[in-house]
Amino acid sequence: MLRGVLEVLQPYEAGKSIDDVSLEGKKPVKLNSNENPYPPPAEVIRAALEALKKANRYPDSSYRRLKKKLSDYAGLPMEHVTVGSGASEVLDNICKAVLEPLDKVVLPVPSYTMHLFLSMIRDVHPVYVETEDKGFKICAEDILSASQGAKLIFLCSPNNPTGLTIDREEIMAVVEGTKAMVVVDEAYHEFCGKTVAGSVQEHENLVVVRSMSKFFALAGLRIGYALASSDIAQSLEKVRLPFGISLPAAEAAIKALENLKYYESIKKEILGERERVFQEISGIEALEVLPSEANFLLVGLPDTPSVDEIIKALGDNGVFVRDVSKMPGLRKNYLRITIGKREENNRMLSGLKKLFSSC
Ligand SMILES: Cc1ncc(COP(=O)(O)O)c(C=O)c1O
């Protein structure tokens, strides 16, 4: 009765929710889903609450006001914008619009596993491009040599889980060297200030996907968007669900885009902490940490203690980080650690120091 692909697919494993754990009075430190540790500003919360009063009505299915704000924010005309319930839905809409069974999809690894997951649901032929031997650097030459006859290429910059960005020249060389659609996932772009969104008007095969879950601290409300040529953006509008973004979420997102100063101020805190945490972890001899341009760090682990022991020891102290060791493209064990508030980072750091003081 069910499609064969569902026999091999496992449900997407998100970072453990705080609701799933009992902490016996300890305040949990959630550093496992690359969320923003700060809440949205009061104006944004008020806008969502106000919208609840109209919850008996459907939202405007074209989301015109939201798209106008996003178009101003991205510096592109509105017809280049498509929206969705999180970047996840936008990525799914792309797969829905583009992929047919057995299409070739190129994925550098390690990268965001939803790219693979959403492609696999369409019965595609995935082709990995390994990057670990090159220090996780993603080069156009490697991508293009794997892309003969490909329909879709996923790039992620800054990349989850490495935190590294892909050089603009490399991205544009891929875009110009292939007939495939090139999706650049920029979910974390505000943390590095780099984007290729300005090139979507001249490049029909370039799609930039963004999220409001990270910099804009709206992970719980589910807002994402993509920037693309008007043809592609309008096609993606055809395949999305008409009311995928709830009314409170749309109103909160509009208000968030009017409060950039607040977001810049919390970004400054996060980037300061990223540097401090990077330096602290670099000082632990047994660990390797990559310099990140996002709001998380990838930390390479030694063989002992085991990754399960590390996760358990931190978890017993209420600190949750992500074990990404089983991600395709990683040959040894790694943790991905989100940058939290100062006191949260301190609890995580003291846990790591305790574990590795004798190594
Ligand atoms: C690279 C990347 N893209 C997209 C997403 C999904 O974002 P959203 O919450 O907007 O669905 C994530 C979430 O962690 C991510 O890391």
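I first looked up arginine 336, whose charged end sits over the ring of phenylalanine 296, 5.9 Å from its centre; the criterion is NZ of Lys or CZ of Arg within 6 Å of the ring centre and within 35 degrees of the ring normal. The model is predicted, with local features needing pLDDT of at least 70 and side-chain atom pairs pLDDT 80 or more, while totals for chains, interfaces and linings use all residues. Residues are numbered from 1 along each chain as its sequence is written, and side-chain values use heavy atoms, without hydrogens and water.

I noted that lysine 332 lies over the face of tyrosine 334, at 5.7 Å from the ring centre.

I then listed the aromatic pairs and found 10 in the structure; rings of Phe, Tyr and Trp (its six-membered ring) pair if their centres lie within 6.5 Å, and planes under 30 degrees apart count as stacked, over 60 as edge-to-face and the rest as tilted. Phenylalanine 136 and tyrosine 334 form an edge-to-face pair, at 6.1 Å centre to centre and 75° between the planes. This pair links distant parts of the chain, 198 residues apart: phenylalanine 136 is in the loop between strand 4 (125–130) and helix 6 (140–145), and tyrosine 334 is in strand 12. Helices (H or I, at least four residues) and strands (E, at least two) are DSSP runs, numbered from the N terminus. I recorded both phenylalanine 136 and tyrosine 334 as buried, that is, under 20% relative accessible area, with exposed over 50% and partly exposed in between (1.4 Å probe, protein chains only).
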